[in-house]
Amino acid sequence: MESTDARLAPPFWRHDGYTLDCLQNGIRRAIADARQDLSAGVAPKTVVDIGAGSAPYRTLFEAIGAKYVTCDMAVGENGGSILPDVTLVPGHEIDIRSSSADWVVSFQVLEHVWDLDWYLGECRRVLKSGGVLMLSTHGTWLFHPHPTDFRRWTRDGLRDEIRSRGFDVVSLTPIVGPLAWTTQFRSLAYHHVLSRMPLIGKIFSALLCTFMNMRMRLEDRVTPRAQLESNAAVYIVLATVSKPTGI
């Protein structure tokens, strides 16, 4: 489980510090963009997090005055120890009224979902007309079951998966390019090995990961934009509920 502080302000000596920092900055920008471009400058009153886990980004939404509703499986099944506001049972309708949420958010959940029709269908059902979906998931990443791990996406594949389920995709933002994520994967491997060593391993891991995170920052700066957009470790999607045809 990741603490809220670790995801919002990750130490740079963490094995995934650079990636987490890029992700939280990307989510902050997505919130600002959604308010300005999709919500006419109005802050959402109700935000529903479907697959919330430990709800690491809750404070970003509460800071703009939103009521934040967490949905997830029972404690012990969702990778976190926080009791969700609404218990989520895969394949079943979520106990939230239809067309009641201004925004639905989903952070690093979609790759763990088998039934995309159900999951994205529920995201769409609980959203109001013109509501906003903010979603992040992996383009390229290592296998990480929590408790399952089913998919990775290309940029085009992710866009069309969401479009085909009743959303208009407004933006798709890449996080961490191919040069940097190859370094990230090595950093994760070194950290895994070094963390097995008492004390001295943690010190060496912190030093090595600091260097790797600095290297990743430089690698992202020199990566051509086209390569970053097509080969990202993570994508952040902003989408709105599609209007019925003929209206």
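**Reading a pocket, a helix and a buried tryptophan**

Author: The second largest pocket holds about 230 Å³ of space. This is a predicted model, in which local features need pLDDT of at least 70 and side-chain atom pairs count only at pLDDT 80 or more, while totals for chains, interfaces and linings use all residues. Residues are numbered from 1 along each chain as its sequence is written, and side-chain values use heavy atoms, with hydrogens and water left out.

Reader: What is a pocket, and how is a volume defined?

Author: Rolling a probe the size of a water molecule over the atoms shows where empty space is left. On a 1 Å grid over the protein atoms alone, a pocket is an open set of points where a 1.4 Å probe fits, with protein on both sides within 12 Å along at least five of seven lines; lining residues have an atom within 4 Å of a point. Points are joined across faces, edges and corners, and the volume is the space filled by probe spheres set on them.

Reader: Which residues lie nearest the centre of the second largest pocket?

Author: Tyr18, Cys22, Arg29, Asp220 and Leu228 do, out of 13 lining residues. Helices (DSSP H or I, at least four residues) and strands (E, at least two) are runs numbered from the N terminus. At least two lining residues come from each of α2 (17-38), β6 (167-175), α7 (200-222) and α8 (225-230); α2 supplies the largest share, with five.

Reader: Which elements do the buried residues of α7 pack against?

Author: Buried means under 20% relative accessible area, with a 1.4 Å probe and protein chains only; contact means heavy atoms within 4.5 Å. The buried residues of α7 include Gly201, Cys209, Met216 and Asp220, and the buried set packs against α2, α6 (178-194) and α8.

Reader: Is Trp103 buried or exposed?

Author: Trp103, in strand β4 (residues 101-107), counts as buried because its relative accessibility is 2%. Beyond its neighbours within four places in sequence, its contacts include Ile31, Ser39, Phe61 and Met134. The C-alpha atoms of Trp103 and Ser39 are separated by 9.7 Å, although the two residues are 64 apart along the chain.

Reader: What share of the whole chain counts as buried?

Author: Of its 247 residues, 51% count as buried. The chain has eight helices and seven strands.

Definitions and conventions
Buried < 20%, exposed > 50% of the residue type's maximum accessible area, 1.4 Å probe, protein only.
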